[in-house]
Amino acid sequence: MSLVFETFKTCAIEIDTLLKNPSTDYLASQNSSGDMQLKIDVQADKLIEQKLLAIESIKGVCSEEKQEAVYKADSNARLLVAYDPLDGSSLVDSNLSIGTIFGIYDEVLESRALVASGYIVYGPRLEIVLAHKQVEHWRYCAGAWHALGTLQLKSKGKINAPGGTQQHWTPRHKALIDSFFAQGYRLRYSGGMVPDLHQILIKGGGLFSYPATQDAPEGKLRKLFEVFPFAFVYECAGGEAIDGTKRLLELDVKHIHDSTPCFFGSSEEIARVRDTYNALENHTRI
Ligand code: AFP
């Protein structure tokens, strides 16, 4: 486990360097040999895959960038790592913070098999958050990683980060989101899951939501690469993570790219979400 965490710390430094390299401006163009240059998210994907597969305890990896998982041919190892190499990469042009998200699974890619998770934040600072029993916060500075302590959510916060196209929200979801604003919650939404959820953790509480909508009945965010890893982080930090009614870390996975509606937050915000969604007739989400 700790070797996987250390590997992501190394990946963080290398991907951060890639992001700051001016050549990334031209990634969609052809290089001097006439080949298409690698897009940065593909570069990040390859970098992470190569480093993870070199670890003996890893049996396979599964990336948001690929259709199928990649398994080692003859390995008795148990660990599987599912990751989103560059989540929020559409924000790179705007120079907003983006991230890498990963979950470490024991033998099978299922919510109940998740044993640790974490994420990297590429922002004005390079940081990594690692969850395994507790949630460790690290910052890279002057050539070394420095432990900043552990992250813990309070029972209630002040931030409301509502995802999805409002035009397609259900009236009940809109009423739920508005009810938080009516109580003084502040809107904080960048469109990057990593910085948006990281901000709530750093400030100690709040709500991030990405609901089922008419145009996306199963939400947008992917279970294995995005939702389960963050659900694990939030639960380890004393918060909660649900799909509206059920705990995210009890959901089944039928396909590696399955998505789900999701709500992450401190206990009081999540209690209100659960009450609202439980009240929906026949548990219809749309
Ligand atoms: P991109 O990787 O395409 O930028 O999407 C980012 C993301 O998957 C996640 O990081 C955000 O929370 C979510 O999408 C934002 O989606 P909306 O723009 O629909 O709110």
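1. The ligand sits in the second largest pocket. A pocket here is an open set of points on a 1 Å grid over the protein atoms alone, where a 1.4 Å probe fits, with protein on both sides within 12 Å along at least five of seven lines, and a molecule sits in it if more than half of its atoms lie within 2 Å of its grid points.

2. This is a predicted model, in which local features need pLDDT of at least 70 and side-chain atom pairs count only at pLDDT 80 or more, while totals for chains, interfaces and linings use all residues. Residues are numbered from 1 along each chain as its sequence is written, and side-chain values use heavy atoms, with hydrogens and water left out.

3. Around the ligand there are 14 residues (a heavy atom within 4 Å), and the closest are Asp87, Ser90, Tyr189, Met193 and Tyr210. By class, this shell holds 5 nonpolar, 6 polar and 3 charged residues, with Gly counted as polar and Tyr and Met as nonpolar.

4. Oxygen atoms of the ligand take part in polar contacts (N or O atoms within 3.5 Å): a polar side-chain atom of serine 90 lies 2.5 Å from one, a polar side-chain atom of tyrosine 210 lies 2.6 Å from one, and a polar backbone atom of glycine 88 is 2.9 Å from one.

5. The chain is divided into domain 1 (2–150) and domain 2 (159–285), with bounds from an automatic or database domain assignment, and each contributes at least three residues to the shell around the ligand. In contact (heavy atoms within 4.5 Å) are 39 residues of domain 1 and 30 residues of domain 2.

Methods. A polar contact is a pair of N or O atoms within 3.5 Å; within protein, one must be able to donate a hydrogen and the other to accept it, and residues adjacent in sequence count only if both atoms are side-chain atoms. On a 1 Å grid over the protein atoms alone, a cavity is a set of points where a 1.4 Å probe fits but cannot get out, and a pocket is an open set with protein on both sides within 12 Å along at least five of seven lines; lining residues have an atom within 4 Å of a point.
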